[in-house]
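Reader: I am new to this structure and would like a close look at one part of it. How many salt bridges does the count come to, and which residues form them? Please also describe what lies around them.

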Amino acid sequence: MRARVLASRQAKDKVVVLDRDGTIVVDRHYLSDPAALEFEPEAELGLRRMADMGFRLVVITNQSGIARGFFSLARLDEIHNRMAQMLESIGAPLAGIYFCPHGPEDACDCRKPNLGLMRQASQELGFDMSEAIVIGDKDSDVEFGRRAGAVTMLVANPVSRSLSGSSADYVVENLNQAADIMSRSD
Ligand SMILES: [Mg+2]
Ligand SMILES: [Zn+2]
């Protein structure tokens with residue numbers, strides 16, 4: 001299913017909604033130390049290319065480590081501040097970071113694949129969620145993008161490759177390959 005990534009979109013709708021762990025940075029399983037942030041392979045290049053193409057970069061991430069008591073909101077802020085600095089320093093500044101602090105049993109509407117944070121981001125940042133490109137490393141990210149009506153890309157790292165029965169529009173190995181696809185569309 002080669003989707004509408006190849007169609008032109010309005011400047012306000014040039015938005016990439018990215019998962020955090022396993023997509024932008026290495027998944028440390030409840031990362032609680034800002035110093036442990038490390039880019040996934042080719043993520044820096046891919047994100048900079050997306051920014052250069054005029055896409056706004058938005059992170060939407062499930063952080064149930066808060067609900068589980070593994071780290072505090074203040075610590076999560078530190079982690080996100082450092083990640084934002086890292087991205088800024090490579091020429092790929094973020095337009096926003098949105099997180100769900102709940103666990104699977106909390107029945108919130110903000111934990112992906114629910115759309116609460118997508119609705120919030122689209123309202124605050126002024127874009128049409130169905131025009132976004134959603135990229136993540138899990139089937140729940142693909143489902144999240146599908147519910148939004150967005151183009152979906154699965155980053156098939158070793159974890160997701162083994163778990164996924166992906167129905168993503170595109171399967172890529174890293175964010176640089178995602179940028180390749182997006183560059184063909186512009
Ligand atoms: Mg992930
Ligand atoms: Zn939530």
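Author: The count comes to 9 salt bridges, where a salt bridge is a side-chain nitrogen of Lys or Arg within 4 Å of a carboxyl oxygen of Asp or Glu. The model is predicted, so local features need pLDDT of at least 70 and side-chain atom pairs count only at pLDDT 80 or more, while totals for chains, interfaces and linings use all residues. Residues are numbered from 1 along each chain as its sequence is written, chains are lettered from A and ligands numbered from 1 in the order in which they are written, and side-chain values use heavy atoms, with hydrogens and water left out.

One of the salt bridges joins R49 to D180, with 2.8 Å between the closest N and O atoms. R49 is in helix α1 and D180 in helix α6 (residues 175-185), so this pair ties together parts 131 residues apart in sequence. Helices (H or I, at least four residues) and strands (E, at least two) are DSSP runs, numbered from the N terminus. R49 is partly exposed, at 24% relative accessibility, and D180 is partly exposed at 32%. The terms are set by relative accessible area: buried means under 20%, exposed over 50%, and partly exposed in between (1.4 Å probe, protein chains only).

A further salt bridge pairs D141 with K112, the closest N and O atoms being 2.9 Å apart. D141 belongs to helix α4 and K112 to the loop between β3 (94-100) and α3 (116-125), so the pair ties together parts 29 residues apart in sequence. D141 is buried, with a relative accessible area of 5%, and K112 is buried at 6%.

Helix α4 also holds both R146 and E143, 3 residues apart, about one turn of the helix. Their side chains meet in a salt bridge at 3.0 Å, N to O. E143 is partly exposed, with a relative accessible area of 23%. Salt bridges that share partners join D19, K112 and D141 into one network.

D19 also takes part in a metal site. The protein donors of the magnesium ion (ligand 1) are D19 (OD), D21 (O) and D137 (OD), at 2.1 to 2.2 Å. Donors are N, O and S atoms within 2.8 Å of the metal (3.2 Å for Na, K and Ca); water is not among the atoms, so sites may look incomplete. In sequence these donor residues are spaced D-x1-D-x115-D. D21 sits in the loop between β1 (15-18) and α1 (43-52), and D137 in the loop between β4 (133-136) and α4 (139-148), 116 residues apart. Both D21 and D137 are buried.

C100 is buried at 0% relative accessibility, and C108 is buried at 15%.

A nonpolar core is a set of buried Ala, Val, Leu, Ile, Met, Phe, Trp, Tyr and Cys residues joined through side-chain atoms within 4.5 Å. The largest has 32 residues, of which I24, L47, M50, I135 and L175 touch the most other members. Among the elements that give two or more residues to this core are β1, α1, β4 and α6. The most comes from α6, with 5 residues.
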